Amino acid sequence: VMLISTSEGFNPSVGSVVEIYDMLGVKVISEPIHPMTSSHRMNIEKLPAGVYFVKIDNKVEKFVKF
């Protein structure tokens, strides 16, 4: 499970979506975010180990799943 919170610059607005992309730029997960929340949990259990990019609105961060 991956947790995204306001302390990491997470600031959802109406229509915000969390998208996870693999190294090839293929979207592997997409989930809508409730605009009044301070954090969002995503189940990434099914993703194989590797490097991914999480995109929320115009912000992109890299993460590694072991």
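Trainee: Are Y52 and F63 buried or exposed?

Mentor: Y52 is buried, and F63 is buried as well. Buried stands for under 20% relative accessible area, exposed for over 50%, and partly exposed for what lies in between, with a 1.4 Å probe and protein chains only. Please note that this is a predicted model, in which local features need pLDDT of at least 70 and side-chain atom pairs count only at pLDDT 80 or more, whereas totals for chains, interfaces and linings use all residues. Residues are numbered from 1 along each chain as its sequence is written, and side-chain values use heavy atoms, with hydrogens and water left out.

Trainee: Why is the aromatic pair of Y52 and F63 called stacked?

Mentor: Rings of Phe, Tyr and Trp (its six-membered ring) pair if their centres lie within 6.5 Å, and planes under 30 degrees apart count as stacked, over 60 as edge-to-face and the rest as tilted. For Y52 and F63 the values are 5.6 Å centre to centre and 25° between the planes, and the pair is stacked. A search of the whole structure finds one aromatic pair. Y52 lies in strand β5 and F63 in strand β6, so the pair ties together parts that are 11 residues apart in sequence.

Trainee: Which residues make up the largest nonpolar core?

Mentor: A nonpolar core is a set of buried Ala, Val, Leu, Ile, Met, Phe, Trp, Tyr and Cys residues joined through side-chain atoms within 4.5 Å. The largest one has 11 residues: V18, I20, I29, I33, M42, I44, L47, Y52, V54, I56 and F63. β2 and β5 are the elements that give two or more residues to this core, and β5 gives the most, with three residues.

Trainee: What makes I44 count as buried?

Mentor: Its relative accessibility is 10%, so I44 counts as buried. I44 is found in the loop between β4 (39–42) and β5. From I44 to I29 the separation is 15 residues in sequence and 8.4 Å in space, C-alpha to C-alpha.

Trainee: How are the strands arranged in the sheet, and which stand at the edges?

Mentor: Strands (E, at least two residues) and helices (H or I, at least four) are DSSP runs, numbered from the N terminus, and two strands pair if DSSP finds at least two bridges between them. The open sheet has four strands in the order β3-β2-β5-β6, with antiparallel pairing. β3 (27–32) and β6 (59–65) stand at the edges because each has a single partner strand, so one side of each is left without a neighbour in the sheet.

Trainee: How do you know that β2 pairs with β5 and with β3?

Mentor: Four bridges join β2 (residues 17–21) to β5 (residues 50–56), and five bridges join β2 to β3. With at least two bridges as the requirement, β2 is paired with β5 and with β3. As examples, the bridge partner of V18 in β5 is I56, and V17 stands opposite P32 in β3.

Trainee: Why is the contact of K27 with E19 called a salt bridge?

Mentor: The term requires a side-chain nitrogen of Lys or Arg within 4 Å of a carboxyl oxygen of Asp or Glu. The closest N and O atoms of K27 and E19 are 3.3 Å apart, and the two form a salt bridge. K59 and E61 form a salt bridge with their closest N and O atoms 3.9 Å apart. By this rule the count is two salt bridges.

Trainee: How do K27 and E19 count by relative accessibility?

Mentor: K27, at 43%, counts as partly exposed, whereas E19, at 16%, counts as buried.
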